[in-house]
Amino acid sequence: MSIEEAKPTHDQGDLWEVFLQEDGQPHVHAGSLRAPDAEMALQNARDVYARRGAVTGLWVVRTADIAATEPADRAALFDGPRTKAYRHAHFYPLPGGMKEP
Amino acid sequence: MSRELPAARATIVELLLRLADDRLVLGHRLSEWCGRAPLPEEDIAVANIALDCLGHASMLLEEAGRVEGQGRDADRLAFWREPYEFRNCLLVEQPNGDFAHTMVRQFLVDVHADLLYGGLEASSFPPLAAIAAKAHKEILYHGRHSGAWVLRLGDGTPESRARTQAAVDALWAYTDELFAVDEAAEAAAAAGVAPVPSRLRQEWRMRVEAHLREATLRVPEARPRVPFRGRAGRHTESLGHLLTVMQSVPRAHPGAAW
């Protein structure tokens, strides 16, 4: 089969996850979009997520390339012992940006 | 009205209107895709580019009105001129066609605008140099977008290639006008206000042809010039339809502010 025959005719492209960076900050997940390739994904990301604001950088990654935990594994992976309160930073004011466990 | 202006000012007004009307009409054409583009992402992209173009038009029209000194602001110039008073080139008023057609039109314009606005940044008329510097950054992005689509559609499926080639063939004759030189263009160039349009031709052809080849598209043979001249106010029928839509709200509600 030639490459042309292999191309689907009504393909809306792959799903991509978009991460954007504001000046001096880490990249954070902004959302997802569809695009046929990385270059177009970056273009689209610029239009969909980065037209306003102080964005200084963009990452895109195919959603299919992200290895992720399953919601069903939540208990097994993340449920820590509830009895060891001393492990949690409860006893002094949290620095900015840090979340309660 | 501009007849009464001193020659230098009349030249600047004429030049600003040509630049502004290219952006205004192109921006309106792109806005016609709003809600209809092939992908939601593309809908947003095309609408953004349309807004950029309208923004450039607005700055240029405002400046044209200021230099003219007859009390016409950007809205007055955009919405209360007749088709024969518009100075845009015919390429930008061509109907959208399919998405390939729109992207080819955009690409042909974007390469030209990149060269033109690069030159205008060095304009001897400071307000224009300032507008050009701001617009040029956005135009570079427009060219990346349209250029990327021309590549993908040209070197895509047999159908996308056929449609893209048909667009190139249909629009090619209208590109000639981008480089046409008349008295006003010569006067503007002599005053250092804008580059001579014909000087941009070689670089434009080189870039466009290289890109079309990369997109596996055929570069059309040179064609006879189209028998209209948008710069002189002689337009195709489609500009009248476009302006009827574009001007309908302000004309239905004269004096309304928004």
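How many salt bridges does the rule find across the interface of chain A and chain B?

1. The rule finds three salt bridges there. A salt bridge here is a side-chain nitrogen of Lys or Arg within 4 Å of a carboxyl oxygen of Asp or Glu. Glu39(A) and Arg152(B) meet in a salt bridge through their side chains, at 3.1 Å from N to O.

2. This is a predicted model, where local features need pLDDT of at least 70, side-chain atom pairs count only at pLDDT 80 or more, and totals for chains, interfaces and linings use all residues. Residues are numbered from 1 along each chain as its sequence is written, chains are lettered from A in the order in which they are written, and side-chain values use heavy atoms, leaving out hydrogens and water.

3. Chain A has three helices and three strands. Its pattern along the sequence is α-β-β-α-β-α. Both kinds of element are DSSP runs: helices are H or I, at least four residues, and strands are E, at least two.

4. The contact (heavy atoms within 4.5 Å) involves 15 residues from chain A and 20 residues from chain B. Strand E2 (28-35) and helix H2 (38-49) of chain A each supply at least two residues to the side of chain A that touches chain B. H2(A) gives the largest share, seven residues.

5. The two chains bury about 1,600 Å² between them, with 49% of it on carbon and sulfur atoms. Buried area is the accessible area (1.4 Å probe) that two parts lose on being put together, summed over both.
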